[in-house]
Amino acid sequence: MLRTCDAVGACLAVPRFSWVPEALRRGNTLRQPACVHWVNDPLGWLGRQRDAGTAVDGVELDDESIRLADLPAARGRTVVVLGHEQHGIPPEALDLLDAVVEIPMVGTGSSLNVAVAGSLVLYKLAGLV
């Protein structure tokens, strides 16, 4: 996700879990310092972003979801929330979303890898696909 954020001109916001710094170091092949925002309270941070006028979109299966193909390019600051590959976005975070994006699948899996799903949505929001 770090490389995709760089490719589309976005920043990565990550929770301060103990394993995250090492994962970012291991996967970072960028030649410049990456734009990373460390978030101590993800739900509080999302709420503050939304209150400040930032659009908050989640990638999740939902009855009200927008198909990826129908997602318009972002017109302003937008946060994309990605959930756990097995559990999805926690219910308390779903309440903070302005929109839910669904990536259609025809196979037997119920979700894509988080980095793949996030990359597809970021490129679409950036207007690059």
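The following is a dialogue about a predicted model.

Student: Why is Gln49 called buried?
Tutor: Buried means under 20% relative accessible area. Gln49 has 12% relative accessibility, so Gln49 counts as buried. Gln49 is found in helix 3, residues 42–51.

Student: Which residues does Gln49 touch, not counting those up to four places away in sequence?
Tutor: Gln49 touches Thr54, Arg77 and Val79.

Student: What makes the largest nonpolar core, and how many residues has it?
Tutor: The largest nonpolar core has 11 residues, among them Val39, Trp45, Leu46, Val79, Val81 and Val100. Helix 3 and strand 5 (78–82) are the elements that give two or more residues to this core. In soluble globular proteins, nonpolar side chains tend to be buried together.

Student: Which residues is Val100 in contact with, leaving aside its neighbours within four places in sequence?
Tutor: Val100 is in contact with Gly58, Glu60, Asp62, Ser65 and Ile66.

Student: How do you know where the side chains of strand 5 point?
Tutor: They alternate along strand 5.

Student: What makes strand 3 and strand 5 a pair?
Tutor: Two strands pair if there are at least two bridges between them. Strand 3 and strand 5 are joined by 5 bridges, and they run parallel. Val59 stands opposite Leu82 in strand 5.

Student: How do you know that helix 5 has the span expected at 1.5 Å a residue?
Tutor: Helix 5 has 12 residues, and the expected span is 16 Å. From its first C-alpha to its last, helix 5 reaches 16 Å, close to that value.

Student: What caps the N-terminal end of helix 5?
Tutor: Asn113 does, with a side-chain oxygen 2.8 Å from the backbone nitrogen of Ala115. After helix 5 comes Gly127, whose phi is positive, near 75°.

Student: Why is Leu125 called buried?
Tutor: The cut-off is under 20%. Leu125 has a relative accessible area of 10%, so Leu125 is buried. Leu125 is in helix 5 (residues 114–125). The buried residues of helix 5, including Leu125, pack against helix 1, strand 3, strand 5 and strand 6.

Student: What separates the C-alpha atoms of Leu125 and Arg75?
Tutor: They are separated by 8.6 Å, although the two residues are 50 residues apart along the chain.

Student: What makes Cys11 and Cys35 a disulfide?
Tutor: A disulfide needs two cysteine sulfur atoms within 2.5 Å. In Cys11 and Cys35 the distance from S to S is 2.0 Å. A search of the whole structure finds 1 disulfide. Cys11 lies in the loop between helix 1 and strand 1, and Cys35 in the loop between helix 2 and strand 2, so the pair ties together parts that are 24 residues apart in sequence.

Student: Why is this disulfide called right-handed?
Tutor: The torsion about the S-S bond is about 80°, so the disulfide of Cys11 and Cys35 is right-handed.

Note on methods
Residues are numbered from 1 along each chain as its sequence is written. This is a predicted model: local features need pLDDT of at least 70, side-chain atom pairs count only at pLDDT 80 or more; totals for chains, interfaces and linings use all residues. Side-chain values use heavy atoms; hydrogens and water are left out. Helices (H or I, at least four residues) and strands (E, at least two) are DSSP runs, numbered from the N terminus. Buried means under 20% relative accessible area, exposed over 50%, partly exposed in between (1.4 Å probe, protein chains only). Contact means heavy atoms within 4.5 Å. A nonpolar core is a set of buried Ala, Val, Leu, Ile, Met, Phe, Trp, Tyr and Cys residues joined through side-chain atoms within 4.5 Å. The expected span of a helix is 1.5 Å times one less than its number of residues. A polar contact is a pair of N or O atoms within 3.5 Å; within protein, one must be able to donate a hydrogen and the other to accept it, and residues adjacent in sequence count only if both atoms are side-chain atoms.
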